[in-house]
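Here's a quick briefing on aromatic rings and the charge that goes with them. Have the viewer open while you read.

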Amino acid sequence: QVLLVESGGGSVQAGGSLRLSCQAYGDTYSISTLTCQAWFRQVPGKEREGVATIRSDGTINYADSVKGRFTISQEGSPRSKVLLQMTSLKPEDTAMYYCAASTRSYCSSTYDSDFGYWGQGIQVTVSS
């Protein structure tokens, strides 16, 4: 079993930066089976959307809305921490951000049901 805990959210003015961190807790074997880690976000009344994914081999994908502004990365052995560096933040980036992890052979944020592990969520607020 793996527990994901997010940190680093908060409030910032437009154009500012924040760094989100997602720490995975659990036994080493369980964490090593995580093949895909991701960040999602959700605004009240809207569906949860994928922001970025990173595979265990380092392959990265971003939503078009954050390309060039957000950077996802991994730290630790095995890959126990996932970071999301957010720059040039816009008011439309305001949302609850969730980290997620999957043990599936593919890595896509198209279906959040593919992710078996989720953090509790952390709020990011960008003011204009």
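Over which ring does the charged end of Arg-48 sit? That ring is Tyr-98, with its centre 5.4 Å from the charged end; a charge counts as over a ring if NZ of Lys or CZ of Arg is within 6 Å of the ring centre and within 35 degrees of the ring normal.

Some ground rules: this is a predicted model, where local features need pLDDT of at least 70, side-chain atom pairs count only at pLDDT 80 or more, and totals for chains, interfaces and linings use all residues. Residues are numbered from 1 along each chain as its sequence is written, and side-chain values use heavy atoms, leaving out hydrogens and water.

**Ring pairs**
- Rings of Phe, Tyr and Trp (its six-membered ring) pair if their centres lie within 6.5 Å, with planes under 30 degrees apart called stacked, over 60 edge-to-face and the rest tilted.
- That rule gives four aromatic pairs.
- Tyr-98 and Trp-118 have ring centres 6.5 Å apart and planes at 80°, so they pair edge-to-face.
- Phe-115 and Trp-118 are also edge-to-face, because their planes are at 65°, with centres 6.2 Å apart.
- Ring pairs join Phe-40, Tyr-98, Phe-115 and Trp-118 in a cluster.

**Burial**
- Buried means under 20% relative accessible area, exposed over 50%, and partly exposed in between (1.4 Å probe, protein chains only).
- Phe-115 is buried at 5%, as is Tyr-98 at 16%, while Trp-118 is partly exposed at 24%.

**Back to the charge**
- The charged end of Arg-48 also sits over the ring of Trp-118, 3.9 Å from its centre.
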